[in-house]
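Dear colleague,

I am handing over the structure we spoke about, and I would be glad if you could look through it with the notes below beside you.

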Amino acid sequence: MKIVFANSAWVTAAEWLILRGGSWRSVRLRVRYGLFFHPLAGPVLVDTGYTPEALTGEGRSRMLRLYGALLRPELNAAEQVLPVLKRFGLSPDDVRTVIVTHFHADHMSGLSLFRNARFVASEAAWARVKARTPRQNIRHGVFTELFPADFEARLDRPSAKRRIEARGSVPGGADLFGDGSAIAVDLPGHADGQFGLFFAGLERPLLYAVDVQWLLAALTRDRTPGFPATLIAEDAAAIEPTSAMLRGFLAAGGEVMLCHDPKPTAYDLKTSEREAG
Ligand SMILES: [Zn+2]
């Protein structure tokens with residue numbers, strides 16, 4: 001199964017904020033999203049990355065404009081989701097499945113682009129979004145204006161899928177396509193309902209661990225950032241156990257990919273990449 005990741009935008013952060021013992025220098029972080037080609041489901045997106053809807057759209061709320069002004073992400077035009085799909089000969093209407101790992105704007109701002117897609121997302125987190133006021137949602141990093149109006153009708157619930165047992169240090173999860181090719185694994189800590197994707201069938205098993213950490217070094221060198229990174233976490237106490245699980249997976253030979261780590265990976269899109277395989 002072909003899996004690629006693209007970089008929708010760059011965001012700059014001071015290293016000490018995202019790495020324990022980090023310096024004052026700033027790090028240019030990626031904002032990845034994934035695209036894989038399932039033999040039956042066709043092209044599947046893993047999040048949408050940042051899109052203009054979050055950062056430049058005319059109709060944005062005051063709070064969303066403020067968010068953009070504070071974080072100042074730079075959109076990466078060449079690897080935005082629409083041109084990347086086009087490289088593979090696809091239009092947004094060809095996408096039937098978008099996996100939404102969590103509801104932060106840098107992961108889901110482009111959902112409205114995909115009129116024919118079902119959204120694989122945490123129903124429990126969605127229920128909490130609905131129960132909160134817009135202001136409360138913003139405190140959880142969720143901008144409800146970025147959800148398509150019919151989001152709920154198009155929600156595809158991981159909890160309704162077959163469960164797969166834990167493997168090694170990786171906990172059990174939902175078998176999204178019924179064939180073991182992509183397993184949704186809960187990754188508590190960073191955001192309400194965050195889950196990652198475990199591609200267990202690859203030669204070297206891959207766990208896309210989204211935003212468990214910003215930098216791989218926080219896992220590989222045991223440098224989980226403390227305050228103030230813990231302040232913006234949904235469940236700060238869960239970050240370390242989730243990170244420890246990933247360390248166990250790495251130690252057993254698995255590969256962990258994060259959304260924001262700046263270092264290129266073998267899955268990152270090459271400039272010339274065109275074909276679906
Ligand atoms: Zn996030």
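Predicted model: local features only at pLDDT ≥ 70, side-chain atom pairs only at ≥ 80, totals over all residues.

Seven strands form an open sheet with mixed pairing, and their order across it is S4-S1-S2-S3-S5-S6-S7. Strand S4 (74-75) and strand S7 (155-156) stand at the edges with a single partner strand each, so one side of each is left without a neighbour in the sheet. Within this sheet, strand S3 (residues 42-46) and strand S5 (residues 97-99) run parallel and are joined by three bridges, and Val46 has Ile99 in S5 as its bridge partner.

Which residues hold the zinc ion? Its protein donors are His102 (NE2), His104 (ND1), His190 (NE2) and Asp211 (OD), which lie 2.1 to 2.3 Å from the ion. The angles among the four donor atoms run from 89 to 176°, and the site is classed as irregular. Along the sequence, the donor residues follow the spacing H-x1-H-x85-H-x20-D. His102 lies in the loop between S5 and helix H5 (105-108), while Asp211 lies in the loop between strand S12 (206-208) and helix H8 (217-220), so the pair ties together parts that are 109 residues apart in sequence. Both His102 and Asp211 are buried.

Strand S11 (residues 195-199) deserves a careful look of its own. Five of its five residues are buried, so S11 is largely enclosed by the rest of the structure. S11 and S12 form a hairpin, with six residues between them.

Turning to charged side chains, the count of salt bridges comes to 14. One of them is between Arg25 and Glu15, at 3.1 Å from N to O. Arg25 lies in the loop between H1 and strand S2 (26-38) and Glu15 in helix H1, so this pair ties together parts that are ten residues apart in sequence. Arg25 counts as exposed at 52% relative accessibility, whereas Glu15 counts as buried at 11%.

A further salt bridge joins the side chains of Arg157 and Glu123 at 3.0 Å, N to O. This pair links distant parts of the chain, 34 residues apart, with Arg157 in the loop between S7 and strand S8 (163-164) and Glu123 in helix H6 (residues 123-131). Arg157 is partly exposed at 32% relative accessibility, and Glu123 is partly exposed with a relative accessible area of 28%.

Arg204 and Glu255 also meet in a salt bridge, at 3.9 Å from N to O. Here Arg204, in the loop between S11 and S12, is linked with Glu255 in strand S13 (residues 255-257), 51 residues apart.

Finally, Trp16, Leu17 and Trp24 make a nonpolar surface patch of about 370 Å². Of these residues, Leu17 lies in helix H1 (residues 15-18) and is partly exposed, with a relative accessible area of 30%.

With best wishes

Note on methods:
Residues numbered from 1 in each chain as written. Heavy atoms only, no water. Pairing = 2+ DSSP bridges. Helix = DSSP H or I, 4+ residues; strand = E, 2+ residues; numbered from the N terminus. Donors = N, O, S within 2.8 Å, 3.2 Å for Na, K, Ca; no water. Tetrahedral: all angles 85-135°; square planar, octahedral: opposite > 155°, others 65-115°. Buried < 20%, exposed > 50% of the residue type's maximum accessible area, 1.4 Å probe, protein only. Patch = residues over 30% accessible without salt bridge, like charges linked within 9 Å, V, L, I, M, F, W, Y side chains within 5 Å. Areas by Shrake-Rupley, 256 points an atom, 1.4 Å probe, with all protein chains shown as cover. Salt bridge = Lys/Arg side-chain N within 4 Å of Asp/Glu carboxyl O.
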